[in-house]
Amino acid sequence: MKLSAAEEASKTGGGLPFQIRGSLQTLLSLKLLRPDDPAFFTALLEKVAHAPDFFRNAPIVLDGAAVKAKSPDCLAQIVERLKEHRLVPVGLQNGSAEWNEAAVALGLAIFGAGGASTAEPAAVGRSGSAAKAASALKPAGKVIREPVRGGQQVVAADGDLVVMAPVSAGAEVAAAGHIHVYAPLRGRAFAGMNGDETAMIFCEQLHAELLSIAGIHQVSEEIDTRLLGKRVRATLAGEGLKLEPLP
Amino acid sequence: MSKVIVVTSGKGGVGKTTSAAALGTALALRGKKTVIIDFDVGLRNLDLIMGCERRVVFDFINVINDGIRLNQALIKDKRVDNLSILPTSQTRDKDALSQEGVEKVIEELRKEFDYIICDSPAGIERGAYMALYHADEAIVVTNPEVSSVRDSDRILGILSSKSKRAEHGDEPVKTHLLLTRYDLDRVQRGEMLKLDDVLEILAIPVLGVIPQCGSVLQASNLGMPVVLDDKSKAGQAYKDAASRLLGDEVELRYVNPEKRGLVDWLFRRSA
């Protein structure tokens with residue numbers, strides 16, 4: 001049996017024919033240092049040749065930090081030639097007003113002042129492997145043993161967050177991965193904060209003000225009262241959160 | 001070894017100053033050299049509660065900013081040996097509390113006193129930060145109602161992150177719950193939170209439960225710390241709390257309904 005689009009929509013619970021959600025992507029950025037250097041593309045293609053699969057159709061953000069004082073006349077040609085070589089320029093960051101204008105005219109997006117990403121182009125060589133080694137030593141995730149009180153925020157920017165004490169009303173806990181609270185959870189919990197839809201929230205006693213997984217949230221009022229005070233696991237299921245008691 | 005204890009709450013009007021005065025007095029009665037400092041610059045009340053408002057010449061702020069010696073500002077209590085009060089200024093504001101100034105005063109007091117009780121202003125602004133910054137222990141004064149409990153929770157978070165001990169990575173500030181205005185009748189009618197409800201949320205050890213008692217207001221109006229009123233239940237409860245602070249094991253009183261005699265029952269009926 002086939003369902004009409006409207007029936008499909010009502011079945012999944014949403015009224016809109018689309019869904020808007022924040023998501024965080026890692027993009028390559030190409031910092032322009034000497035764009036008018038005749039060897040620019042020869043050198044670039046040499047880099048690409050090392051990992052053709054990695055670069056094929058890869059979205060690229062152009063970084064104008066080093067060249068914004070110069071004229072953006074070369075931008076159109078760079079965009080054109082990148083496309084020829086199956087690289088997809090999607091936007092510009094760190095440009096001047098003039099550069100931004102030129103980028104918009106070419107159909108590129110303007111990225112806000114890039115924080116961490118600005119350092120990335122240089123990281124292709126030796127410093128790249130050094131950064132990787134450092135991150136391998138750093139334990140992913142965080143373990144908190146003290147109560148998280150109202151007004152406090154605890155964030156595990158990569159990995160899981162384990163809290164072995166109560167999370168008070170008015171407190172916020174967030175993690176890139178799962179969140180485990182081995183005590184009452186009375187505050188707000190944000191799992192999969194970078195968009196990981198497989199992230200889950202586990203708690204020993206559910207009294208949360210808000211649960212969120214990959215940007216989809218449920219407030220306290222929407223939580224089945226039979227689950228309050230229980231050991232619960234929250235997962236993302238389609239358009240909403242699914243809460244089930246833990247055995 | 002001297003101890004700095006902050007009496008704090010976040011919320012106003014829960015009984016911080018009354019509790020600081022009562023506990024400080026009770027500690028002094030036990031032979032400990034004790035000083036109570038008023039950190040509520042601009043809204044000074046401790047001197048009133050302690051009945052020494054007519055003896056204030058110099059204050060805490062003069063010591064910090066105007067080169068007045070500490071001994072010129074300290075007021076010795078006339079009723080209790082070992083007890084001193086450091087009043088604050090009524091005309092200045094919290095900005096007059098400089099970090100270095102407060103530090104210097106506390107360090108000087110540490111040399112002379114066993115217990116330094118810091119009576120914190122309400123709120124989580126500068127005055128409250130200054131009062132809790134040097135604390136070794138904290139007494140969190142809470143009323144049995146939800147907004148007070150939530151504010152206490154917030155203050156506990158600040159104690160664990162913004163105190164000197166937290167900043168230096170030392171052993172955390174030892175926290176105590178002091179539940180005040182505990183009206184057993186209203187608790188039993190479900191109009192107020194039970195001690196257990198408060199403990200479940202705040203999850204810190206209880207130092208004392210002070211029963212709702214008319215003697216507290218009366219003592220305040222007389223400028224007499226309530227522990228000096230031998231007939232007051234609240235005064236007894238504060239003395240118990242001070243004993244626990246000194247490490248004694250004392251059973252909690254006034255948290256369970258008393259068995260009432262017929263006379264008492266009749267009296268309450270007619271009241």
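How many salt bridges does the structure hold over all chains? In this predicted model, the count comes to 22. Here are a few close-ups.

**View 1. D153(B) and R149(A) join their side chains in a salt bridge.** The N to O distance here is 3.2 Å. This pair crosses between chains: D153(B) sits in helix α7 of chain B, while R149(A) is in the loop between β5 and β6 of chain A. D153(B) is buried, because its relative accessibility of 3% is under 20%. R149(A) is buried too, at 5%.

**View 2. E200(B) meets R186(A) in a salt bridge.** Look for N and O 3.3 Å apart. Again the pair crosses between chains, from helix α10 of chain B to the loop between β9 and β10 of chain A. E200(B) is partly exposed at 43%, whereas R186(A), at 10%, is buried.

**View 3. R253(B) pairs with D240(B) within chain B.** Their closest N and O atoms are 2.9 Å apart in this salt bridge. The partners are 13 residues apart, with R253(B) in the loop between α12 and α13 and D240(B) in helix α12. R253(B) is partly exposed (34%), but D240(B) is buried (9%).

**View 4. The second largest pocket holds about 500 Å³ of space.** It has 27 lining residues, and those closest to its centre are G13(B), V14(B), G15(B), T18(B) and R181(B). Helix α11(B) gives the largest share of the lining, 4 residues. By type, the lining splits into 11 nonpolar, 11 polar and 5 charged residues.

Terms used:
Residues are numbered from 1 along each chain as its sequence is written. Chains are lettered from A and ligands numbered from 1 in the order in which they are written. This is a predicted model: local features need pLDDT of at least 70, side-chain atom pairs count only at pLDDT 80 or more; totals for chains, interfaces and linings use all residues. Side-chain values use heavy atoms; hydrogens and water are left out. On a 1 Å grid over the protein atoms alone, a cavity is a set of points where a 1.4 Å probe fits but cannot get out, and a pocket is an open set with protein on both sides within 12 Å along at least five of seven lines; lining residues have an atom within 4 Å of a point. Grid points are joined across faces, edges and corners, and a volume is the space filled by probe spheres set on the points. Helices (H or I, at least four residues) and strands (E, at least two) are DSSP runs, numbered from the N terminus. Ala, Val, Leu, Ile, Met, Phe, Trp, Tyr, Cys and Pro count as nonpolar, Asp, Glu, Lys and Arg as charged, and the others, Gly among them, as polar. A salt bridge is a side-chain nitrogen of Lys or Arg within 4 Å of a carboxyl oxygen of Asp or Glu. Buried means under 20% relative accessible area, exposed over 50%, partly exposed in between (1.4 Å probe, protein chains only).
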